[in-house]
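Work through the exercises below with the model open. Try each task before reading its solution.

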2 protein chains.
Amino acid sequence: MNSISTPDAETRLDQAPAADHPELRLWLRLFTCSTLVETTIRRRLRAEFGETLPRFDLLAQLAKVPGGLALSELSKRMMVSNGNLTALVERLVEAGWIERRTSATDRRVQVARLTTAGRAAFRKMAAAHERWIVEMTGGLAPHETEQLMELLAKWKASARRAFEGETAA
Amino acid sequence: MNSISTPDAETRLDQAPAADHPELRLWLRLFTCSTLVETTIRRRLRAEFGETLPRFDLLAQLAKVPGGLALSELSKRMMVSNGNLTALVERLVEAGWIERRTSATDRRVQVARLTTAGRAAFRKMAAAHERWIVEMTGGLAPHETEQLMELLAKWKASARRAFEGETAA
DNA sequence: CTCCAATCCTTTAAGCTTCAAACGTCTCGA
DNA sequence: TCGAGACGTTTGAAGCTTAAAGGATTGGAG
């Protein structure tokens with residue numbers, strides 16, 4: 001099999017002299033959570049549906065917008081680069097799950113939209129996906145979830161400032 | 001340039017009917033934070049040091065263990081697959097930043113260790129890296145950081161259960 | 001001692017990802 | 001109206017990532 005085994009990114013710091021900033025430890029912990037959840041979802045998507053996470057993510061975006069989305073809009077929402085989408089969309093078109101058309105009003109724009117088959121396939125995966133997420137968040141009480149939402153909102157704002165300062169420059 | 005621009009994964013749900021579980025929203029928010037921080041670090045590492053995040057991560061692991069680490073141990077700590085390491089290590093050896101030797105006691109085992117040059121290079125990057133992290137966590141008060149650490153610890157435990165249930169099966 | 005399962009690593013194929021450069025299209029002001 | 005710049009997408013090169021299969025080595029059960 002040779003997949004990832006018993007990972008623990010925080011081992012890095014937990015065993016370090018602990019001279020590190022609390023912020024660094026916090027980031028490491030967030031990163032561990034994110035990787036753990038993401039890897040699990042990735043594996044289950046593959047095992048149960050033969051799908052990859054990027055493909056699922058793309059379908060999820062389109063599922064919310066019946067009329068479809070321009071590729072650039074899609075790349076913003078998915079937080080991936082434009083160049084990335086070209087091949088991803090290509091493969092999903094081949095699979096028959098989305099269709100791609102040139103916009104009628106702007107010939108630069110490519111609009112991607114779910115097909116009926118794609119919508120059906122997505123619905124099944126989405127239900128499983130939601131169960132998995134709930135399962136992995138099971139250890140948290142509702143008020144803790146609430147608290148986390150707020151704290152992460154602050155962090156997000158702070159991180160976004162740094163992020164955007166980049167693109168602006 | 002064509003890089004990621006003004007991303008927002010949560011756009012997905014913020015504009016959705018909000019019929020989704022709170023857990024799903026929480027996961028999306030965590031994922032957004034993680035991506036924002038990670039992408040920023042990745043870009044700055046590239047811009048200021050011509051480095052990639054996986055390479056930095058590998059150096060960081062080795063920097064904590066003077067004697068070096070077996071590749072399998074390294075892959076556990078970095079939470080990546082074994083096959084991944086082979087090429088990564090290869091490139092870092094070429095760069096002269098690490099060295100790889102066969103273990104004296106077990107000829108299956110390859111031990112990777114920082115060179116002097118590697119250690120020096122890493123130190124410079126690590127200092128910058130820590131500054132960046134502190135910058136991006138700047139919006140949080142110390143007691144909020146503390147709170148986040150605890151809540152994320154719970155989540156982590158819960159996610160790890162799901163994750164390990166997988167590998168065990 | 002002999003074999004066989006477990007362990008460590010590498011290889012391969014397929015796919016994802018980025019950045020940077022190039023191409024076609026559009027918009028707006030001179 | 002025509003040209004400059006902005007915009008949307010694609011292409012290309014390099015690297016990362018996984019899962020799966022294969023080779024080498026080890027250590028333990030008979």
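**Exercise 1: the sheet of chain B**

β2(B) and strand β3 (residues 110–114) of chain B run antiparallel and are joined by 5 bridges. This is a predicted model: local features need pLDDT of at least 70, side-chain atom pairs count only at pLDDT 80 or more, and totals for chains, interfaces and linings use all residues. Residues are numbered from 1 along each chain as its sequence is written, while chains are lettered from A and ligands numbered from 1 in the order in which they are written.

Task: find the strand order in the sheet of chain B and the helix that packs on the sheet.

Solution. 
- Start with the terms. Helices (H or I, at least four residues) and strands (E, at least two) are DSSP runs, numbered from the N terminus. Two strands pair if DSSP finds at least two bridges between them.
- Take one bridge. B:Glu99 has B:Arg113 in β3(B) as its bridge partner.
- Now the order. The open sheet has 3 strands, β1-β3-β2 (chain B), with antiparallel pairing.
- Look at the edges. β1 (69–70) and β2 (98–102) of chain B each pair on one side only.
- Contact here requires C-beta atoms, placed from the backbone, within 7 Å. Axes are lines fitted to C-alpha atoms, for helices over the stretch in contact, and angles run from 0 to 180 degrees between N-to-C directions.

**Exercise 2: where the chains meet**

Task: describe the side of chain A that touches chain B.

Solution. 
- Count first. Chain A brings 68 residues to the contact and chain B brings 67 residues.
- Then assign elements. α1 (11–14), α2 (22–49), α3 (53–63), α4 (71–78), α5 (82–95), α6 (116–136) and α7 (142–168) of chain A each supply at least two residues of this side. α7(A) gives the most, with 20 residues.
- Sort by class. This side of chain A has 30 nonpolar, 22 polar and 16 charged residues. Ala, Val, Leu, Ile, Met, Phe, Trp, Tyr, Cys and Pro count as nonpolar, Asp, Glu, Lys and Arg as charged, and the others, Gly among them, as polar.

**Exercise 3: the core**

Task: which residues touch the most other members of the largest nonpolar core?

Solution. 
- Define the core: a set of buried Ala, Val, Leu, Ile, Met, Phe, Trp, Tyr and Cys residues joined through C-beta atoms within 7 Å.
- Of its 31 residues, A:Leu30, A:Cys33, A:Ala159, B:Leu30, B:Cys33 and B:Ala159 touch the most other members.
- α2(A) gives the most to this core, with 7 residues.
- Check one residue. Not counting residues up to four places away in sequence, B:Ala159 touches A:Cys33, A:Leu36, A:Val37 and A:Met136.

Conventions:
Two residues are in contact if their C-beta atoms, placed from the backbone, lie within 7 Å. A residue is buried if 20 or more other C-beta atoms lie within 10 Å of its own, exposed if 12 or fewer, and partly exposed in between; C-beta atoms are placed from the backbone.
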